Amino acid sequence: MTLSENDFNQIIAIMTKCSGIIPLECHKPMIREFIEKRLDQIRDYEPIVKFKFLLEQEKEELAKLISISIYDENYFFREEKHFYILKREIFPEWHRKNPDLIMNIWDAACSTGEEVYSLALLAQDCQIIPQIVASDISVSALNICSMGNYSADSKRYDDGAMFHNLLMPCLTDNNHLAMPGEIRSLIHTKQINLASLKDYNLPIKQHVIFLRNVLIYFDEELQAEILKTIAENCLADDGYLFLSQKEAALINKEIIPSCLKRIVFDDISYFHK
Ligand SMILES: C[S@@+](CC[C@H](N)C(=O)[O-])C[C@H]1O[C@@H](n2cnc3c(N)ncnc32)[C@H](O)[C@@H]1O
């Protein structure tokens with residue numbers, strides 16, 4: 001089925017209204033191909049009407065379209081310098097200040113979980129006891145996260161290799177990675193749509209929040225709203241917020257909430273409340 005420009009734009013508009021995601025121009029041919037294939041599968045007298053209905057009603061239909069519309073790449077210890085900062089600066093400071101060692105961590109767009117397990121494995125290695133909330137708009141991504149089984153492709157050698165030793169105990173005979181039950185038990189998954197945070201019971205008093213590679217797809221108004229809610233209501237005093245390096249560099253400084261102070265370490269910046 002070939003989509004008219006008008007129908008295509010209407011479908012994109014529904015996705016943006018429901019999730020905040022504004023796709024890049026370069027992703028549009030792939031999105032069009034995905035929608036056209038999906039419409040061919042829908043047995044209905046008016047597949048476009050049905051698809052628009054599904055997008056508005058079914059979170060997973062929306063999640064599938066989102067995953068085509070963004071650069072949905074996931075691997076362990078992505079942007080390894082963030083994990084280096086946790087290991088070198090934040091976890092040792094936590095040791096000094098909190099003898100009980102329990103730390104609340106929220107991964108606010110965790111996708112299939114490689115990022116969450118990277119946080120859990122590193123925290124455990126640094127003798128921190130993490131209590132982790134892993135959230136995403138996509139329930140199917142969260143299900144993969146809960147299972148904690150990954151193929152060899154979820155490791156890269158140009159980024160993250162600094163910490164690959166932590167994955168060794170998870171290696172299976174067929175070279176896959178299976179997260180141990182003890183690590184999985186540290187993680188609580190929850191579906192949260194960042195575009196409508198007011199509809200959720202959000203994690204509070206979080207000591208570290210990872211919000212990486214998702215803000216970049218939202219408009220500035222939504223970025224500002226999300227940052228304000230997260231910084232003011234979810235991040236603990238003395239907590240740290242990490243955006244991706246690209247987001248931290250590109251974000252309009254005017255929308256960074258005043259309670260956050262930018263910290264620069266080597267060429268990396270992150271935020272402290
Ligand atoms: C590129 S992945 C980022 C994964 C991980 N944070 C990282 O940096 O490797 C973006 C994730 O954002 C999620 N996402 C997109 N829109 C969202 C929204 N409105 N609310 C919550 N999650 C969203 C997608 O489902 C996807 O899993």
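Reader: Is phenylalanine 77 buried or exposed, and how many other C-beta atoms lie within 10 Å?

Author: This is a predicted model, in which local features need pLDDT of at least 70, side-chain atom pairs count only at pLDDT 80 or more, and totals for chains, interfaces and linings use all residues. Residues are numbered from 1 along each chain as its sequence is written. A residue is buried if 20 or more other C-beta atoms, placed from the backbone, lie within 10 Å of its own, exposed if 12 or fewer, and partly exposed in between. Phenylalanine 77 has 26 other C-beta atoms within 10 Å, and is therefore buried.

Reader: Where does phenylalanine 77 lie, and what is its phi near?

Author: Helices (H or I, at least four residues) and strands (E, at least two) are DSSP runs, numbered from the N terminus. Phenylalanine 77 lies in the loop between H4 and helix H5 (80-97). Its phi is positive, although the residue is not glycine, with a value near 55°.

Reader: Which residues does phenylalanine 163 touch, apart from those up to four places away in sequence?

Author: Phenylalanine 163 belongs to the loop between strand E3 (149-150) and strand E4 (177-178). It counts as partly exposed, because it has 18 C-beta neighbours inside 10 Å. Contact requires that the C-beta atoms of two residues, placed from the backbone, lie within 7 Å. By that rule phenylalanine 163 touches Phe77, Glu80, Phe83 and Leu122.

Reader: Which residues of domain 1 and domain 2 are assigned, and how far apart are the centres?

Author: Domain bounds come from an automatic or database domain assignment. That assignment gives domain 1 (5-69) and domain 2 (80-272). Taken over C-alpha atoms, the centres of domain 1 and domain 2 are separated by 28 Å.

Reader: Which helix gives the largest share of the side of domain 1 that touches domain 2?

Author: The contact takes nine residues from domain 1 and twelve residues from domain 2. On the side of domain 1 that touches domain 2, the largest share is five residues, and these come from helix H4 (residues 59-69).

Reader: Of the residues around the ligand, which come nearest?

Author: A residue is near a molecule if its C-beta atom, placed from the backbone, lies within 6 Å of it. The shell around the ligand draws at least three residues from each of domain 1 (5-69) and domain 2 (80-272), and its largest share, three residues, comes from H4. Of the 26 residues around the ligand, those that come nearest are Ala109, Ser111, Ile137, Leu194 and Asn213.

Reader: Why do the buried residues of H7 line one face of the helix?

Author: The buried residues of helix H7 (residues 139-147) are Ala141, Leu142 and Cys145. Seen down the axis, with the arc taken from the directions from the helix axis to the C-beta atoms, they line one face because they fall within an arc of 100°.

Reader: What covers the buried residues of H7, and which exposed residues are on the face turned away?

Author: The cover includes H4, helix H6 (114-125), strand E2 (129-136) and strand E5 (187-191). The face of H7 turned away from its buried side carries the exposed residues Val139 and Asn143.

Reader: Which residues touch the most other members of the largest nonpolar core?

Author: A nonpolar core is a set of buried Ala, Val, Leu, Ile, Met, Phe, Trp, Tyr and Cys residues joined through C-beta atoms within 7 Å. The largest such core has 65 residues, and those touching the most other members are Val116, Ala120, Ile132, Ile209, Leu211 and Leu241.
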